[in-house]
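Here are my notes for you on this one, written as numbered points. Keep the structure open next to you while you read.

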Amino acid sequence: MSFYEHEELPPIFDPNSMVNLKVKQASAAAAKLIKSYIDGYDQFWQTPRTHRDDALSMVDLQATIDADPVVMSELIADGTAFVVFVQDSHAEKIGTEYFPSRYLTIPYETDINGRFISLKPEWEVQE
């Protein structure tokens, strides 16, 4: 109940406020999407940098991939496709806190057959 008799006026659409809201929402969604990719990457590869004592050895990871190379290759290809999307649409974010450069490729050097040779230095335990 209002002391003054008044019929509420409809709010006026403010396109500037709407742009600000949409950009804020989209920014949060994009950051969440990239964080989800990075979290998934870390969980898949389980490197010493991200998992320390719980890291998978290179031998164990190669054995995991060898256990079902078709599906594992598909998972890796999906990650690569996401990286291409980020490179194509938001290249300026690569190498920043949003998308560190180490997430551009798999964390292992490979031979011509795609077998792991060594862990890339950026994935070793960081002091």
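1. Let's start with Gln46, which is buried, with a relative accessible area of 16%; the cut-off for buried is under 20%. Do bear in mind that this is a predicted model. You'll find Gln46 in the loop between α1 and α2 (48–51). Its backbone deserves a look too: phi of Gln46 is near 45 degrees, a positive value in a residue other than glycine. Most residues other than glycine have a negative phi.

2. Next, go to the loop between α2 and α3, where Arg52 lies. Arg52 isn't a glycine either, yet it has a positive phi of about 45 degrees.

3. Now for the pair α3 (residues 58–67) and α4 (residues 69–90). Two packed helices are described by the angle between their axes and the distance between the axes. Here the angle is about 110 degrees and the axes are 5 Å apart. The range for roughly perpendicular is 65 to 115 degrees, so α3 and α4 are roughly perpendicular to each other. On the α3 side, the contact is made by Thr64, Ile65, Asp66 and Ala67, while α4 brings in Pro69, Met72 and Ile76. Sort the residues of this contact by type and you get 5 nonpolar, 1 polar and 1 charged.

4. Stay with α4 for a moment. It has 22 residues and reaches 31 Å from its first C-alpha to its last, close to the 32 Å expected at 1.5 Å a residue. Which residues of α4 are buried? They are Met72, Gly79, Phe82, Val83 and Val86. Look down the axis of α4 and these buried residues fall within an arc of 100 degrees, so they line one face of the helix. An α-helix has 3.6 residues a turn, so residues three or four places apart point the same way. What covers the buried residues of α4 includes α1 (15–45) and α3. Turn to the other side of α4 and you'll see Val70 and Asp88, which are exposed.

5. Last stop: Pro107, in the loop between α4 and β1 (108–110). At 0% relative accessibility, Pro107 counts as buried. What does Pro107 touch, not counting residues up to four places away in sequence? The list is Tyr41, Trp45, Thr47, Ser118, Leu119, Lys120 and Trp123.

Note on methods
Residues numbered from 1 in each chain as written. Predicted model: local features only at pLDDT ≥ 70, side-chain atom pairs only at ≥ 80, totals over all residues. Heavy atoms only, no water. Axes fitted to C-alpha atoms, helices over the stretch in contact; angles between N-to-C directions. Helix = DSSP H or I, 4+ residues; strand = E, 2+ residues; numbered from the N terminus. Parallel < 35°, antiparallel > 145°, perpendicular 65-115°, else oblique. Contact = heavy atoms within 4.5 Å. Nonpolar A, V, L, I, M, F, W, Y, C, P; charged D, E, K, R; others polar. Expected span 1.5 Å × (residues − 1). Buried < 20%, exposed > 50% of the residue type's maximum accessible area, 1.4 Å probe, protein only. Arc of directions from axis to C-beta.
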